[in-house]
Amino acid sequence: MTKNLQPHECMNSIVETLPISIYWTDASCVILGANKTFLKNIGATSHEEIIGKTLYDIFPYEIADCIKEHHDEVIHGKETLSREEKIRDIATGKFKYFITVKAPLYNDNGVLTGSVSTSIEITAQKQKEYVAGNVKILDELDKIASIIPAPLYWEDVNSVILGGNEAVFKETGALTRDAYVGKTLYELYPEEMANQIKQHNEKVMRTGEILSQEEAIEDIITGELKYFTAVKAPLYDEQGNVIGIVGTSIDITRQKEAERLKLENEIQLQQQEKFTKLANQVAHDIRSPLASLVMIVKACTQIPEGDRIALREAAITIGDIANHLLHQYQKKDKMDATESEERQPILVSAVLIESLSAKKYQYENLAIKFDGHFKSHSHFAFIKIGSSAFKRMLSNLINNSVDAFDNQPGKIDLQLEVNNEWVKIIIQDTGKGMSPELIDKIMHKTAVTEGKKSGHGLGLTQVWETLEHNQGEMHIASEPGKGTTITLTFPRVKAPYWIAEEIALNSNDTVIILDDDTSIHGAWRARFESILNESTQIQLKHFQLGKETLEYIQSLAADEKEQIFLLSDYELLKQDLNGLHIIA
């Protein structure tokens, strides 16, 4: 007995002998089979690409919808119907047109199981009809476009490019007209890009409005991604029917790149600010235990001198690291030292220490030793000056001293001397020195670049400006081959109210020290040791918690509270109170 074959099984054996395109589907539009001519027409390379798939798996939604509507009419009416259908080639994205005839498909029992379709391609005929019907308007567009300097192009309803001017060819990278005209968007650009442009075209044709959007286009030749603001309008024939779109575009690639760089710069600045905050915090955290170490080293006279010197040098080195972090990553000072810069009291010793630390790291590869010598009573001396201008002035003068060594070993000594009226900053080097003629030029404010390969004399100009704006004076003592000493003199000003130049204690005072850092307590103990040995009536109380400090103070009698001297840290970590709350 011969096995009964399903209709599509029978068709598989005969359709390859037919010269026309054939495919068949079940009632739900799932493709059951096709011949090679059909595969070729839709751009498929094998049956596996289509068998078992619906039309919606293969074609864009609007195309699949049209074909399925034709299929449903055949199934419901149970009659053979013909219709013009449009498909998009799977491989190239190019649209093709067919006259398709669909008929009901029955099994051996007469049950309707789907449809079978045959088609004849009419793409070339459609294009001829389109061009013939719109020759006049297309010719007019060609003439207008040739005299317009902006890119201009036009496409039919299927996004086939019908024409354009030289500006659009250049913009898209098309070397010839043939490389652009007659192509679909899918032949020129990646699918996702082509889809976005096509959807915009269809919206323009559907609404009849002039619309714009940003479009990313790949240069046809180089593949370079360019950005455009595309403006499109409906293209009408002489009867008022929409037959496509006409568009122009503005290249915004540079603007987009500028926006990208700006965003990257903002992100980089945010990251830099975070890093700066971290660097400042690290430097701050180093300074507290470092202050303790320095105070303890000074107080512990029983330590052998060699060990004490080693500890002191270690403390200085750690201090240099902390100061370098603060100097390197703090927000940059204004580059201009101008009269408009706010003058304020500056603790000179702190700025000199910071400058020394910065220069040690700036010139760490040179055999130059940097030293600082401050008289004990000079540590709390203030001058009134613009902060950034003062720092730049010091930096310029120290740089000049470094230049005087010509990459040879040497020493730069920064000194600070004060009296009741004046503050003197002395920068002394063991460099090559200066001739009397050169000193005379400098003192007469003549720009000089002697000894510098690429100098412009701007450093000394800035120094003189800073001195003039802040009642400062400069004196230079130098001898060729023996080094140079520069002395800067500024009027001394009264220390701000927020700084204590000395601590005065009464013999029966109770000193309360509040700090959440245990090393600070050790430092204060060492600092007060000699005082406590001299005055046994002075008491020292240590607290790490603000709440406990308050409880202790509140437990004292009124006269005992009058004898309290409170030394408090401001920031008390993980506590509801800070130092100002305790003082208040």
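Predicted model: local features only at pLDDT ≥ 70, side-chain atom pairs only at ≥ 80, totals over all residues.
A charge is taken to sit over a ring if NZ of Lys or CZ of Arg is within 6 Å of the ring centre and within 35 degrees of the ring normal. Lys-256 lies over the face of Tyr-227, at 5.3 Å from the ring centre. Next, select Lys-445 and Trp-464, where the lysine is placed over the face of the tryptophan, 5.2 Å from the ring centre.

Now display the whole protein chain. Its fold comprises 19 helices and 20 strands. Of its 584 residues, 41% count as buried. The chain exposes about 33,700 Å², and carbon and sulfur atoms supply 53% of that area. Among contacts between residues at least 6 apart in sequence, 59% join residues at least 24 apart.

Proceed to helix α13, residues 387-403. From its first C-alpha to its last, this helix of 17 residues reaches 25 Å, close to the 24 Å expected. Helix α13 is mostly covered, with 13 of its 17 residues buried.

The next stop is helix α16, residues 518-534, which holds both Trp-524 and Phe-528. These two residues are four apart, about one turn of the helix. The model contains seven aromatic pairs. In the pair formed by Trp-524 and Phe-528, the ring centres are 5.7 Å apart and the planes meet at 40°, so the pair is tilted. Trp-524 is partly exposed, at 21% relative accessible area, whereas Phe-528 is buried, at 4%.

Select Glu-62 and Lys-198, whose closest N and O atoms are 3.6 Å apart in a salt bridge. This pair links distant parts of the chain, for Glu-62 belongs to helix α4 (residues 61-77) and Lys-198 to helix α9 (residues 191-207), 136 residues apart. Glu-62 is partly exposed, with a relative accessible area of 40%; Lys-198, at 5%, counts as buried.

Continue to Lys-102 and Glu-85, a salt bridge with its closest N and O atoms 3.7 Å apart. Lys-102 lies in strand β4 (residues 95-106) and Glu-85 in strand β3 (residues 81-88), so the pair ties together parts 17 residues apart in sequence. Lys-102 is buried at 1% relative accessible area, and Glu-85 is buried at 6%.

Finally, select Asp-89 and Lys-96, whose side chains meet in a salt bridge at 3.1 Å, N to O. Both Asp-89 and Lys-96 are buried.

Definitions and conventions: Residues numbered from 1 in each chain as written. Heavy atoms only, no water. Expected span 1.5 Å × (residues − 1). Buried < 20%, exposed > 50% of the residue type's maximum accessible area, 1.4 Å probe, protein only. Contact = heavy atoms within 4.5 Å. Areas by Shrake-Rupley, 256 points an atom, 1.4 Å probe, with all protein chains shown as cover. Phe/Tyr/Trp six-rings, centres within 6.5 Å; stacked < 30°, edge-to-face > 60°. Salt bridge = Lys/Arg side-chain N within 4 Å of Asp/Glu carboxyl O.
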